[in-house]
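Me: I am new to this structure and would like to learn how to read its features. Could you guide me through them, please?

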Amino acid sequence: MSGGFGGEEVKQESSWRYPLGIFLATLFLCAVFLYYYVAPSVDELVGNEPSPAISEDVVPLRIGGVNFGIPANYTVYPRDRRGGDRDEVFLYALWSTFSGYAPARRNEFIEDAPDTRRIDITLAKRTSTFSEKERIQRLYLPQTIDSRGIMTPIQLLAYDFRERPADVPTNGYSDTELFLGDNEDDETIALFCVKKRDELQSPYCWREYELTDNLTVIYRFKRPYLQEWRNIDAKVREFIDSMIDKQS
């Protein structure tokens with residue numbers, strides 16, 4: 001403090017006060033910037049963002065009352081590598097070796113190329129009251145143009161679904177084709193494939209079936225491999241069976 005005109009006191013401020021304030025403000029803004037662009041999101045923290053794993057450690061999981069031992073590098077989401085009970089688990093593997101993720105195969109697992117060899121597999125608690133056979137007869141075929149189908153060179157009967165007017169609720173099968181065929185166990189299976197369109201660069205096919213009364217399996221593969229459907233189906237079922245913990 002010092003004297004001023006008229007006897008008033010003049011307050012002298014420290015020379016470092018303003019630079020320190022600017023420094024702290026800059027530090028705060030940098031922290032906010034780094035957190036926004038670098039820090040993991042909530043989904044990443046809880047394991048809800050897809051992230052490949054190179055570990056082959058077996059993870060014990062229970063889905064729909066069935067115990068599995070699944071190597072970590074087959075799991076899509078980090079949350080599933082913690083083990084325990086799950087309503088659904090997402091897996092992937094490469095056709096035709098059914099190998100899990102490895103850095104050398106990163107593009108096959110991460111990219112969505114039209115001819116990627118990745119097969120996506122979902123194990124989930126069963127929610128449908130109909131079996132695959134019942135769905136074919138009650139839900140799928142009644143919606144087709146010709147229930148007799150057309151035999152293809154790859155031993156699949158092909159079906160097109162009836163078009164619906166724009167003002168009528170969709171039947172759920174628009175822009176897809178249905179294929180029926182007997183697999184290696186002489187079971188009639190239903191394969192759906194997304195129709196090829198110019199705007200759709202990576203069409204795929206899928207099958208949904210019941211592993212047990214409480215567990216559903218859905219697998220997906222790229223449409224260029226449809227001609228190998230019977231081998232894919234057999235290998236998927238063999239792959240899943242190999243991960244079931246039969247001692248529990």
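Reply: Let us begin with the disulfide, defined as a pair of cysteine sulfur atoms within 2.5 Å; the structure holds one. This is a predicted model, in which local features need pLDDT of at least 70, side-chain atom pairs count only at pLDDT 80 or more, and totals for chains, interfaces and linings use all residues. Residues are numbered from 1 along each chain as its sequence is written, and side-chain values use heavy atoms, with hydrogens and water left out.

Me: Which residues form the disulfide, and how far apart are their sulfur atoms?

Reply: The partners are Cys193 and Cys205, with sulfur atoms 2.0 Å apart. Distant parts of the chain are linked, 12 residues apart: Cys193 lies in strand S11 (residues 188-194) and Cys205 in strand S12 (residues 204-212). Strands are DSSP runs (E, at least two residues), numbered from the N terminus.

Me: Is Cys193 buried or exposed?

Reply: Buried means under 20% relative accessible area, computed with a 1.4 Å probe on protein chains only. Cys193 is buried at 0%, and Cys205 is likewise counted as buried at 0%.

Me: In what order do the three strands of the open sheet stand?

Reply: Strands of a sheet pair through backbone hydrogen bonds, either parallel or antiparallel. Two strands count as paired if DSSP finds at least two bridges between them. Here the order is S4-S3-S5, with mixed pairing. Strands S4 (66-71) and S5 (84-86) are at the edges; each has a single partner strand, so one side of each lacks a neighbour in the sheet.

Me: How many bridges join S3 and S5?

Reply: Strand S3 (residues 58-63) pairs with S5 in the parallel sense over three bridges. Arg62 has Asp85 in S5 as its bridge partner.

Notes
Helices (H or I, at least four residues) and strands (E, at least two) are DSSP runs, numbered from the N terminus. Buried means under 20% relative accessible area, exposed over 50%, partly exposed in between (1.4 Å probe, protein chains only).
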